[in-house]
Amino acid sequence: MELSFYIDEATSEDVALIKKLAHEIWPPTFGDILSAEQIAYMLQMMYDETALLKQMQVFRHRFFIAHEAGRKVGFMSLEHHVHHQPKTKIHKIYLLPDTQGKGFGKKMIDYAAQQALANGDQFLFLNVNKYNPAIKFYEKTGFNISGEEVIPIGNGFVMDDFIFEKELQKIPSEKG
């Protein structure tokens with residue numbers, strides 16, 4: 001039996017859910033590459049309700065919730081026309097650890113690409129920690145390293161990232 005997976009757009013009503021998911025996903029995802037102190041700091045900085053609402057309402061990031069078999073399993077946020085260019089940035093893309101490796105991440109990337117194209121953008125890009133094992137996933141889904149940056153985030157912490165970019169093609173209809 002095939003499990004149902006779908007993505008829908010989040011609203012301000014979903015900030016508590018996004019925060020909960022982030023707190024479940026981040027420690028196992030980043031525990032081997034960031035200190036517990038940095039994880040706690042970043043969760044507070046980026047995922048408390050006020051920060052999430054600001055991202056949605058002030059910065060106009062669009063949040064999406066991933067569902068699998070009736071369970072909310074992940075989230076993503078996008079920003080279109082970054083720096084007034086035809087580029088959509090994936091600010092966040094996360095799945096619960098027990099749902100990784102099932103093809104849902106690729107479905108989320110494909111959904112992000114559809115959203116970007118629908119909004120007139122021709123590229124997707126995102127930052128990925130230089131030591132994140134997900135680098136292989138992004139390369140496999142067509143992203144290439146276009147740069148790198150070290151971003152000070154406060155409290156003596158930095159984000160040491162590669163910038164990955166992917167040129168989008170119109171998604172062809174299903175082949176029959």
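In which helix does Leu-53 lie? Leu-53 lies in helix H3. The views below come from a predicted model.

**Figure 1. Leu-53 sits in helix H3.**
Leu-53 has 26% relative accessibility, so it counts as partly exposed. Buried would require under 20%, and exposed over 50%. Ser-12 is 41 residues away from Leu-53 along the chain, yet their C-alpha atoms are separated by 6.4 Å. Leu-53 is in contact with Ser-12, Val-15 and Val-58, leaving aside its neighbours within four places in sequence.

**Figure 2. Helix H1 packs against helix H3.**
The angle between H1 and H3 is about 115°. Their axes are 9 Å apart. H1 passes H3 in a right-handed crossing. From H1, the contact uses Val-15, Ala-16, Ile-18 and Lys-19. From H3, it uses Glu-49, Leu-52, Leu-53 and Met-56. Six residues of this contact are nonpolar, two are charged and no residue is polar.

**Figure 3. Helix H1 packs against helix H2.**
H1 covers residues 15-30, and H2 covers residues 36-47. The two helices meet at an angle of about 155°, with axes 11 Å apart. Angles over 145 degrees count as roughly antiparallel. H1 and H2 are therefore roughly antiparallel to each other. H1 passes H2 in a right-handed crossing. On the H1 side, look for Ile-18, Lys-19, Ala-22, His-23, Trp-26, Pro-27 and Phe-30. On the H2 side, look for Ile-39, Met-42, Leu-43, Met-46 and Tyr-47. By class, the contact of H1 with H2 has 10 nonpolar residues, one polar and one charged.

**Figure 4. Helix H1 has a set of buried residues.**
H1 has 16 residues. From its first C-alpha to its last, H1 reaches 21 Å, close to the 22 Å expected at 1.5 Å a residue. Which residues of H1 are buried? They are Val-15, Leu-17, Ile-18, Leu-21, Ala-22, Ile-25, Trp-26 and Phe-30. An α-helix has 3.6 residues a turn, so residues three or four places apart point the same way. What covers the buried residues of H1? The cover includes two helices, H2 and H3 (49-57). It also includes the strands E2 (62-68), E3 (71-79) and E4 (87-95).

**Figure 5. Helix H2 packs against helix H3.**
H2 and H3 meet at an angle of about 50°. Their axes are 5 Å apart. H2 and H3 are therefore oblique to each other. H2 brings Met-45, Met-46 and Tyr-47 to the contact. H3 brings Glu-49, Ala-51, Leu-52 and Gln-55. The contact of H2 with H3 has five nonpolar residues, one polar and one charged.

**Figure 6. Gln-38 is found in helix H2.**
Is Gln-38 buried or exposed? Its relative accessibility is 9%, so Gln-38 counts as buried. Leaving aside its neighbours within four places in sequence, Gln-38 is in contact with Ile-153, Phe-157 and Val-158.

**Figure 7. Lys-166 is found in strand E7.**
Strand E7 covers residues 157-167. Lys-166 has 16% relative accessibility, so it counts as buried. What does Lys-166 touch, not counting residues up to four places away in sequence? Its contacts are Ile-109, Gln-122, Phe-123, Leu-124, Thr-141, Gly-142 and Phe-143. Asn-144 is 22 residues away from Lys-166 along the chain, and their C-alpha atoms are separated by 6.4 Å.

**Figure 8. His-81 and Asn-155 sit in loops.**
Most residues other than glycine have a negative phi. His-81 is not a glycine, although its phi is positive, about 55°. His-81 is found in the loop between E3 and E4. Its relative accessible area is 40%, so His-81 is partly exposed. Asn-155 is not a glycine either, and its phi is also positive, about 60°. Asn-155 has its place in the loop between strand E6 (144-154) and E7. Its relative accessible area is 63%, so Asn-155 is exposed.

Definitions and conventions
Residues numbered from 1 in each chain as written. Predicted model: local features only at pLDDT ≥ 70, side-chain atom pairs only at ≥ 80, totals over all residues. Heavy atoms only, no water. Axes fitted to C-alpha atoms, helices over the stretch in contact; angles between N-to-C directions. Helix = DSSP H or I, 4+ residues; strand = E, 2+ residues; numbered from the N terminus. Parallel < 35°, antiparallel > 145°, perpendicular 65-115°, else oblique. Left-handed = near helix turned anticlockwise from the far one by under 90°. Contact = heavy atoms within 4.5 Å. Nonpolar A, V, L, I, M, F, W, Y, C, P; charged D, E, K, R; others polar. Expected span 1.5 Å × (residues − 1). Buried < 20%, exposed > 50% of the residue type's maximum accessible area, 1.4 Å probe, protein only.
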